Amino acid sequence: MNAVKSRIDWVDYAKGFCIIFVVMMHSTLGVEKAAGEEGWMHALVAFAQPFRMPDFFMISGLFLARVIDRNWRPYLDKKVVHFAYFYVLWVTIQFATKAPGFAAEMGWSGVVEQYFLAYIEPFGTLWFIYLLPLFFVVTKLTRQAGVPWQVVLAVAAVLQILPIHTGWLIIDESASRFVFFFAGYQFAPVIFRLADWVQDNVLLAVAGLCAWAVFNGTLVYIGWSMLPIISLGLGALGAVAVINISALLAKIHWFSILRYCGQNSIVIYLSFFLPMAASRIVLLKLGVITDIGTISMFVTAAGVVGPLFLLAFINWTGWGRLLFTRPQWAQLKDRSAPASIKMEPAE
């Protein structure tokens with residue numbers, strides 16, 4: 001592994017897998033809800049369900065060890081304020097686009113109430129970047145308090161296993177996801193060594209992936225994938241499987257578009273709801289394509305490609321940089337650092 005590289009290819013591939021699976025889930029379930037029937041994409045969404053978000057959180061914890069011992073001010077800037085800026089911006093954008101529909105259901109006072117509630121209860125598709133800062137802070141606090149990592153991991157695993165369903169997304173999803181984030185942070189050296197091993201032992205890695213796919217698919221098919229303990233195991237195995245697949249793709253340099261999606265995963269995550277919703281409405285109303293699975297596939301593609309076109313337009317024209325780049329006024333200045341602060345991209 002080249003230590004001087006600013007990015008690690010297989011990590012970007014893994015992020016690409018994660019964000020595409022996330023867009024696929026929202027797109028497919030949205031189309032199926034609007035159409036009142038399931039399509040062939042539903043099976044793929046179900047297959048990915050056990051590991052889709054566990055992998056995203058595990059990857060998010062991989063590089064935390066590099067910054068966790070920084071002073072609180074720069075740490076909060078990078079790991080809390082950074083994500084808070086994009087959450088506030090994009091929750092406002094989402095509400096602006098959905099406000100007329102909300103107003104018809106609950107009145108404008110209800111819209112205002114729901115908007116402010118979004119700062120307590122994560123809104124829509126943005127819950128991932130709401131939880132990440134919380135996980136960054138909790139992990140640093142446990143480290144500073146000297147809590148053994150084994151204790152943190154054990155408690156996080158128990159929380160994932162317990163049937164915690166309070167109805168508050170921040171509580172339920174934190175209990176369900178933190179163990180994977182913390183595992184990514186704590187076992188990062190092991191994960192990187194595993195990726196290196198996969199690239200050096202391709203045949204064994206492929207055989208292992210085939211066995212995992214059969215195992216994961218079987219448990220999903222028989223309805224056991226969400227059972228306590230099994231869901232924890234499948235989440236961990238699936239996250240490792242995605243890392244292995246990503247390491248193999250990085251070795252042979254296939255599907256570079258997947259790596260590019262990973263490099264811009266937060267850009268896609270923030271804005272995919274716009275092209276996804278628009279394409280779903282258009283395709284269902286036109287009726288040219290009648291197969292629900294195929295419509296879901298095209299809506300997924302629109303949700304992934306649309307944000308990339310938007311990013312390319314912004315880079316070309318310079319307009320709208322604030323959508324995906326945090327400006328200086330939204331940064332906590334580190335008094336020990338040089339005076340100049342550059343705008344920081346969402347990734």
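This report describes a pocket, a helix contact and a few individual residues in a predicted model.

## Basis of the model

Residues are numbered from 1 along each chain as its sequence is written, and side-chain values use heavy atoms, with hydrogens and water left out. Because the model is predicted, local features need pLDDT of at least 70 and side-chain atom pairs count only at pLDDT 80 or more, whereas totals for chains, interfaces and linings use all residues.

## The second largest pocket

The second largest pocket holds about 600 Å³ of space, and its lining is made up of 20 residues, among which G30, K98, M276, A277 and R280 lie nearest the centre. A pocket here is an open set of points on a 1 Å grid over the protein atoms alone, where a 1.4 Å probe fits, with protein on both sides within 12 Å along at least five of seven lines; lining residues have an atom within 4 Å of a point.

At least two lining residues come from each of α1 (9-35), α4 (72-117) and α13 (273-286), and α13 gives the most, with seven residues; helices are DSSP runs (H or I, at least four residues), numbered from the N terminus. By residue class, the lining of this pocket comprises 11 nonpolar, six polar and three charged residues, where Ala, Val, Leu, Ile, Met, Phe, Trp, Tyr, Cys and Pro count as nonpolar, Asp, Glu, Lys and Arg as charged, and the others, Gly among them, as polar.

## Packing of α8 against α9

Helix α8 (residues 188-200) packs with α9 at an angle of about 110°, their axes being 5 Å apart (axes are lines fitted to C-alpha atoms over the stretch in contact, and angles run from 0 to 180 degrees between N-to-C directions). The two helices are therefore roughly perpendicular, a term that covers 65 to 115 degrees. The contact (heavy atoms within 4.5 Å) involves W197, V198, Q199 and D200 of α8 together with V202, L204 and A205 of α9, and these residues divide into five nonpolar, one polar and one charged.

F215 is found in helix α9 and is partly exposed, with a relative accessible area of 41% (buried means under 20%, exposed over 50%, partly exposed in between, with a 1.4 Å probe and protein chains only). Not counting residues up to four places away in sequence, F215 touches L234 and L237; the C-alpha atoms of F215 and L234, 19 residues apart along the chain, are separated by 9.1 Å.

I229, in the loop between α9 (202-221) and α10 (230-252), has a positive phi of about 75° although it is not a glycine, and I229 is exposed at 57% relative accessible area. F255, in the loop between α10 and α11 (256-263), likewise is not a glycine but has a positive phi, of about 50°, and F255 counts as exposed at 54% relative accessibility.

How values were computed. Points joined across faces, edges and corners; volume = space filled by probe spheres on them. Parallel < 35°, antiparallel > 145°, perpendicular 65-115°, else oblique.
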